[in-house]
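Have a go at each task before reading its solution.

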Amino acid sequence: MTTELLSANHAAAAAAALAGRANRVGRGFGGGVYPITPQSECMERLCDERFDKGQVVRVESEHSAMAVCIGFSIAGARAFTASSSNGLAYMTENVFTAAMSRLPIVMMAVNRSLGPPWNIWAEHGDTLMLRDAGWVQLYCEDNQEVLDSILTAFRLAEDRRVLLPVMVCQDAFILSHTMTPTDVPSQETVDAFLPPLDLPHRLSDRPRTVGALDGPRETEVPRAEMQRAMDDVPRVYAEVQGAFEATFGRRLADPVVPYRMDDAEIALVSIGTTAATVRAVVDEARARGVRVGGVRIRMFRPFPEDTLRQLLSRCTRVGVLDRDLAPGQGGIVWSEVRPAAPQGSIVQNYIVGLGGGDIRPKDVARILDDLCARERAGKPQFVEVG
Amino acid sequence: MASLEIRLHGRGGQGGVTCAKILAAVWAGLGKSVQTFGDYAGERSGAPVRAYTRVSDEPIDDRNKVYEPHHLLVLDPTLLGEHVLQGLRPGGTLLLNTEEPIEAFGDRFLRHRLAVVDATAIARRRKIGTRSVVIVNTTIAGAFVRAAGLPFEALEAAYRRLGFTGNLDAAREAWDAVAIREARDVDAKAPVFAPPATAPVLPLVAHVEGAPTGLRTGSWRSQTPRYVHALAPCSAFCPAGNDVIGFVQAVAEGGAQQASEVLARTTPLAGVCGRVCPAFCMEGCNRREHDGAVDVRALERWIADTAPIAPRAERASAAPRRFAIVGGGPAGLSAAFELARHGHEATVFDGERALGGVLRTGIPSYRLPRAALDREIEALLALGVKTSLGAFLDRDRVAALAREWDAVILATGLQRLRGVTERDDLPGVEQGIRFLHRVNMEGSVRVTGHVVVLGGGNTAMDCARVAVRAGASRVTVAYRRGREEMPAIRDEVAEAEQEGVVFELLRQPLGFEGDERVRGVVLAEVELGPPDASGRRSPVVTDRRSTLSCDHVLLALGQTADLRLLPEGWALREGRAFARDAPVNVFAAGDLATGDGTVAHAIGDGRRVARLAMRAVGPELAEVEELRRPDRARAVAATEIRFDHFPKSPPLGERHVPADVRVRGFDEVNLGVGDPAAAAHRCCSCGECTRCDSCLVYCPEGIIRREAGGYAIDLEYCKGCGICVTECPRAAITLKTPKEMHA
Amino acid sequence: MSANEPILGGMAQTAADRSTPLLRPGNSNCGGCGMSVGLQFLSRAIAGTPVQLVIPACCAAVAAGPFPTSGYGAPVFSSTFASAAAVATGLAHVARLNGEKTRVVCFVGDGGTYDIGMATVSAAAERDEDLLYVCYDNEIYGNTGGQRSSATPRGATTTTTPRGSELEKKDILAIMAAHRVPYVASISLAHPDDALRKLRFALDAKGFRFVHMLAPCPTGWKSEPADSIELIRLAVRSGLYAVYEVFEGSRVVINVEPEHSDAALERYLGMQGRFRKSGVELASVRAGVERSWRELRARSALGGPG
């Protein structure tokens, strides 16, 4: 293991390369890559990696980047790509295809605003748009978590009980271009952590059509299988956490990361790097005697509703910070968290940090003040930052 | 009220959804609320399709499919299974598109009002859709409107409403044609349908080997391809009844011996025909339309020369009969051949010292070398044919033979010769046939000076060319019609001309000049008038005359049958003699009976009459099959041959000795075919499969397999597209409708 | 000898042929489907070679049948419409990385090639991926009911050009040859020997190979299913469909010299309801054909139109 000063983009690429090389005893590694800010550094570094049994294909679009991954994966190889924002939107039909074909592809997605207006900074709407695509979604808070999540994602995705693609999400620039010392494990340890992929339904030399035209029944049954696989993910994830700790000597973050929630009556729920700011505000408010805690949703798919219900069971006020907007509805995280909050509690949505607006502690503090002062929940509140 | 519900079952391409729409438009025009929709899937031409129509007095808000229809329309009879009938209400109308008449349904569907129409036949006749995918929406709509008790005008209004313009006539025809049987047994217990078994859906994430779909696409088919043996024109045109395509293909596939065996089944004289036949086969050959006829005659000769014809008795007769054949020419020899092949005793009586008839006495040896003739006669004798040569035959002798033998076949040919005037006996004037007889039987006959031959047939050509060889300084053929009308074999005319024979065409001989010896022929100019009964333009003699001076005149004006051999009071009818209307076991074959005038005709008729005679002499021979003259009209036409399959390669033809060499003697002038295999491979094999693989290679379904020397089609899956039929280079496959399949 | 007999030299159903068909009986294609015939040809070219097919959304994908059955006697991935060449890229690399002899074949219609898949196929060609890309061109979006594509010829009525398309068909072979890939060829379903030779060559060659086949669609062309092969023959004889191959983007070999027959062109147009309905003039079609030949002759360095 070495510690390198890495951006999260490079950390993701390093992890993908390690995972890819680990499958040299299997059917190899590959993927299609296509540039988009702020992901490009990741694919650039991947293109600079050397593989004994791997090939990174420089394709002409995100749509084909995922298609190439599908090709690698259905042939039994480990596959990886990275994208962001409009790239994900352009890729979308193949994002669905990858999941519906039950292919354990891993994608690093840098969360960026979808234009117009053309804006390259952090926003979560691009990957949340894909929440129904059948992918496991992990949202990261720091560079190390990005690296660890990529490694974890392969192990999780390739587990026979899962066989679903995994998307590892990180905030544009806040993580993607920010360099921090990051532990990069050795190839041997990664080899030990990631056994070679054995895809049960890979194309061989025998007749078999993957992706056939089917009727209602041949559609509903595999959909139900996907749901069951998603249901298994938390259990498998817990096992992977154990293996990860045993291999790398550090603890991998839980699907839901609570902060000072043990006796909290008020909770601030967020995803991605916003959680760090929330922690600062929680500490400051706790110092003032406010019984507030923070909840970071790391795994958005499958959605950890039971865990959240438990964590929020004593809360009377829940503030959900969304760096995204589903116009006509509100925050996407809020709309999913709401059913997990206790009956009668005030669950208020705050739309904050769109287009990469820097969510500072004072902004979260204002949100907390508003939440504490409410007699009832209102419409989603737009919080200006800066 | 609740909705009236209609369900249609059809196949992709038949127009079922449009039909449902037409029905909806009919009721909409009558002021009803309607709804119509189809099942949409990856349906393909031929795949089962459903469509629905609802009709109500109230607005319709039912968004489900129709499970218990009041009316059920089945557009394709192959769909008629229990699941199609599922849910049809008692008393409801069941409209079937079927070839079967309504009576054929007997006790079936008694709970329902049965309506039956052959909508496909109507639409096919009116060319609605394609041959393999017939669109029946309008015909079905016409029939249903009638069955539903609605006026035809309602359908016309619906057409206007939908903006349709065509095919209303077809709907009217179906409206008229539909047969209806009222429901009788409405209270009978409804059949219980087992729900279709649903197989468990296998997990996606497992190794699963995909089995074939099991979709029986054969039920999509409206027509079925069938391999056939269609009649080739060469065989149809052969008066001898030879399996022409058979022996030509045998050359291509197996060589001379195999081909010789094919010929030996129908002719003892292949080496003769291969030299002297006008080759009707080549006249009929479809390849003429493409790049020239196959050199069939030359091939026949090559076969006979390379692997001499060795006729074999096909069977030993349990009770051999005795047949007397009068005349040793081609008809008599052929009759003897046929009888001997059937295990009977055949004895040929002939006045000459050797068999062969006109082949020996008439045809010059440069056309038919005697060795070739002798070889085939010897083979015939080896088969067991007996002879009585130098026999004197007259009507008394014939009457005696008729008493002593099981049957007599007269085959004496054409013995009466036509002349010009009563002065035909003028010295220097001679019948061509007699001249040829002298040349052929006596040898070293010499002529001098100018020889004029009168006539335009093969005898005329033989006379002229023999005269050239016998020393004539000049030979002229005078013929009363034009060159196109000359009955002689075209090649013979050309060869005569090459040898220096001059043709005076459109000249009618009127008489001779000269007192003690002929010195000239008086000829009148002829103009051609309208076609006569033979199709040739009839000569109209003018009064413009001239005299052609000459030293010899050979008459070759044609021959006719001499029936004086028949006893008094006998007559010939259809090849059989009748004594005062009572059939006797005396038959006539060949030119004597038919006057057709070629060796090939004589061979064919000899065999045909031999069979008639066999059938006549004993009831135990009744199973001997009659031979029929081939029907040219049934032969595969050139338009049915896919010539793209055959790269153009004109025939190489027969090789000939140069004219200046051949006139020096009586050696054979025609050297036959140079490359028999190449010549045989030019044969398109019309109507007869050659296993060329076209059907197999072009079949979109890949379901044609080699089997038992031919091909088999897997009808479980054949969609009846007809590509195999279109692509067969030689019309050896046809498409049949179900009705034709049953026939 | 003069006759083409037996065609394919009699290799059909011999040890040299594929033991089971690539397109199995019981597929859902329409009767007389040209694409089906093309698959039979491809099957023979493949013979014993292990293959994996990538088929995007198109009629050929429907022919694959419902899971778990398979209309194909080979493994198939049914990709999104625009993605065949990209998915195949992945498959081909994995085969190479694992030292497998598997040949990866894209089997794609004209919509997936000329239109929505153009960028994908162009990129795969530019990367010289080790793929055989077969475009079966029925000149419409057949699977969606017969709409115009950029492969639809002038004068053809489709459901979106009810009065006949006024545009010339895209010259896909020239486009693909301009990528300077190892092999680009058009094959005629009416010339099986030439087609088989080229398919075999294309299957074995390294790098990106593009094979185009004009594939009659009786349903969309409103033609007799039985005439599908004859239509191709007429298209070739008339000059409408040029049968040639291009090596390394430069060396052009014309495999079948057309007769430039107006009679053949007239029959070709007359046998299809899609042209009868528009009443397109033979002369206007002929003009486009002549222009294509002038361009092709120029590329083949033989000069002048034929």
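Predicted model: local features only at pLDDT ≥ 70, side-chain atom pairs only at ≥ 80, totals over all residues.

**Exercise 1. A sheet in chain B**

How many bridges join strand 15 (residues 450-454) of chain B to strand 21 (residues 552-555) of chain B, and do the two run parallel or antiparallel?

Step 1. Strands 15 and 21 of chain B are joined by 4 bridges and run parallel. For a landmark in this pair, look at B:Leu454, which stands opposite B:Leu555 of strand 21.

Step 2. Now widen the view. The pair belongs to an open sheet of 5 strands in chain B, with parallel pairing and the order 14-21-15-16-17. Strand 14 (429-431) and strand 17 (502-505) of chain B each have a single partner strand, so one side of each has no neighbour in the sheet. From one strand to the next, the twist averages 25°.

**Exercise 2. A leucine in a loop**

Is B:Leu565 buried or exposed? Locate this residue and list what it touches.

*Solution.* 

Step 1. B:Leu565 sits in the loop between strand 22 (559-560) and strand 23 (570-573) of chain B.

Step 2. Count the surroundings. There are 22 other C-beta atoms within 10 Å of B:Leu565, and the cut-off for a buried residue is 20 or more. B:Leu565 is therefore buried.

Step 3. Leaving out residues up to four places away in sequence, B:Leu565 touches B:Leu393, B:Asp394, B:Arg395, B:Val398, B:Leu410 and B:Thr412. To see how the chain folds back here, take B:Ala399: it is 166 residues from B:Leu565 in sequence, but the C-alpha atoms of the two are 9.0 Å apart in space.

**Exercise 3. A sheet with strands from two chains**

Which strand of chain C pairs with strand 9 (residues 208-210) of chain A?

*Solution.* 

Step 1. The partner is strand 2 of chain C, paired with strand 9 of chain A in the parallel sense over 3 bridges. Here A:Val210 stands opposite C:Phe77.

Step 2. Write out the order: 9(A)-2(C)-1(C)-3(C)-4(C)-6(C)-5(C)-7(C)-8(C), an open sheet of 9 strands with mixed pairing. Neighbouring strands are turned by 15° against each other on average, direction ignored.

Step 3. Helix 3 of chain C lies across strand 1 (51-56), strand 2, strand 3 (103-109) and strand 4 (132-137) of chain C, at about 170° to strand 3.

**Exercise 4. Where the chains meet**

Which element gives the largest share of the side of chain C that touches chain A?

*Solution.* 

Step 1. In the contact between these chains, 36 residues of chain C meet 39 residues of chain A. Helix 3 of chain C gives the largest share of the chain C side, 10 residues. By type, that side divides into 21 nonpolar, 14 polar and 1 charged.

Step 2. Turn to the other contact, which takes 54 residues from chain B and 44 residues from chain C. Helix 23 (676-681), helix 24 (694-698), strand 28 (704-707) and helix 25 (723-727) of chain B each supply at least two residues of the chain B side. That side holds 22 nonpolar, 19 polar and 13 charged residues.

**Exercise 5. Two crossing helices**

At roughly what angle do the axes of helix 10 (residues 262-270) and helix 12 (residues 282-299) of chain C cross?

*Solution.* 

Step 1. The axes come within 11 Å and cross at roughly 115°, in a right-handed crossing.

Step 2. Helix 10 of chain C contributes C:Asp262, C:Leu265, C:Glu266 and C:Leu269, while helix 12 of chain C brings C:Leu282, C:Val285 and C:Arg286. These residues divide into 4 nonpolar, no polar and 3 charged.

Methods
Residues numbered from 1 in each chain as written. Chains lettered and ligands numbered in written order. Contact = placed C-beta atoms within 7 Å. Nonpolar A, V, L, I, M, F, W, Y, C, P; charged D, E, K, R; others polar. Pairing = 2+ DSSP bridges. Axes fitted to C-alpha atoms, helices over the stretch in contact; angles between N-to-C directions. Buried ≥ 20, exposed ≤ 12 C-beta atoms within 10 Å, placed from the backbone. Left-handed = near helix turned anticlockwise from the far one by under 90°.
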